[in-house]
Amino acid sequence: IFSTNINGEIIRTGVNVDEINSLEPKLELPPIFNGKKIIFLPRYIQPIYQTELQIKAFTELPAELRPKVALILIKGKRAPEAYMNKIESLLKTCGLPYHIFESLTQHQMWSMFKLSAVSIMTPKTDGTPNSALEAMAAKCPLILGAFNYDRDLFSDEFCIRMKTNKPSELTDLTSLAIDNYPIGMLESAFENVSVKGNRLVEMERLEKLYLSLTKR
């Protein structure tokens, strides 16, 4: 029998906010990215992450914006072959310069956030994505999909949120983010992740909780 009179605490894994913030990006990109604003898709190419939706959205970007941007994707180890072929076909139709990394190390991922004009994540289902917290710690503009994320971390105050899963909405939001992402939102996101998504802070809280239990 468990007591119902329990005070619970939410302790998140968090990310290395200070390390990400102070990192000098070191990642060599192909020459096609010189002078381009990078749209970074940090989640692997998978149906669950709706890569297809993203590419369809970029296909409809305004003509005046298209020469300014390029795409970075990460394949991952388990990209279904048929889906991968479909995405590569869509990318060719999209017509934007792009590069697909097989994978990125942790520090390369952080560098990529710092080099990008916007990062976009639109999964069908998700937990609390460390990649989104890392984007905030790197002060990278962030667009999240319509999934019901933890509002303490990912409310409209801290990132741009989709209301639907329509490519047309993502087209509009990407256009907005590339040229007019709110600077205040970047600062608010960084302050929030420093407090509520910071691994050092969260592990210190966990340690205090453990110590309090052992003293009972």
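Because the model is predicted, local features were considered only at pLDDT of at least 70 and side-chain atom pairs only at pLDDT 80 or more, whereas totals for chains, interfaces and linings use all residues. Residues are numbered from 1 along each chain as its sequence is written, and side-chain values use heavy atoms, with hydrogens and water left out.

Helices (H or I, at least four residues) and strands (E, at least two) are DSSP runs numbered from the N terminus. Helix α7 comprises the 14 residues 167-180. With the expected span of a helix taken as 1.5 Å times one less than its number of residues, α7 should span 20 Å, and the 19 Å between its end C-alpha atoms agrees with this. Residues were classed as buried under 20% relative accessible area, exposed over 50% and partly exposed in between, with a 1.4 Å probe and protein chains only. The buried residues of α7 are E169, L170, T171, L173, T174, S175, A177 and I178. Contact was defined as heavy atoms within 4.5 Å. The cover over the buried residues of α7 includes the helix α2 (51-59) and the strands β1 (37-44), β2 (69-74), β4 (118-121), β5 (142-144) and β6 (160-161).

Helix packing was described with axes, which are lines fitted to C-alpha atoms, for helices over the stretch in contact; angles run from 0 to 180 degrees between N-to-C directions. Angles under 35 degrees count as roughly parallel, over 145 as roughly antiparallel, 65 to 115 as roughly perpendicular and the rest as oblique. A crossing is left-handed if the near helix is turned anticlockwise from the far one by less than a right angle, and right-handed if clockwise. The axes of α2 and α7 lie 8 Å apart at an angle of about 60°, and the two helices are therefore oblique to each other. Their crossing is right-handed. On the α2 side, L53, Q54, K56, A57 and F58 take part, meeting P167, L170, T171 and T174 of α7. Of these α7 residues, L170, T171 and T174 are buried.

Helix α5 (residues 130-137) packs against helix α4 (residues 106-115) at an angle of about 55°, with axes 9 Å apart. The α4 and α5 pair is therefore oblique, and the crossing is right-handed. From α4, Q106, M109, W110 and F113 make the contact, and from α5, S131, E134 and A135. Helix α5 also packs against helix α8 (residues 183-196), here at an angle of about 120° and with axes 8 Å apart. This angle makes α5 oblique to α8. The crossing of α5 and α8 is left-handed.

The loop between β1 and α2 contains Q50. Q50 is not a glycine, yet it has a positive phi of about 55°. With a relative accessibility of 12%, Q50 is buried. Apart from neighbours within four places in sequence, Q50 contacts Y83, T122, P123, K124 and N165. The loop between β1 and α2 also holds I48, which is partly exposed at 36% relative accessibility. With neighbours within four places in sequence left aside, I48 is in contact with P123, K124 and T125. The C-alpha atom of I48 lies 27 Å from that of R199, a residue 151 places away along the chain.

A positive phi of about 55° is likewise assigned to K139, which is not a glycine. K139 is located in the loop between α5 and β5. Its relative accessibility of 32% places K139 in the partly exposed class.

A disulfide is a covalent bond between the sulfur atoms of two cysteines. With the criterion of a pair of cysteine sulfur atoms within 2.5 Å, the count of disulfides is zero. C94 is in no disulfide, and the nearest cysteine sulfur, that of C140, is 19 Å away. C94 is buried, at 1% relative accessible area. C140 is in no disulfide either, the nearest cysteine sulfur being that of C159, 12 Å away. C140 has a relative accessibility of 3% and is therefore counted as buried.
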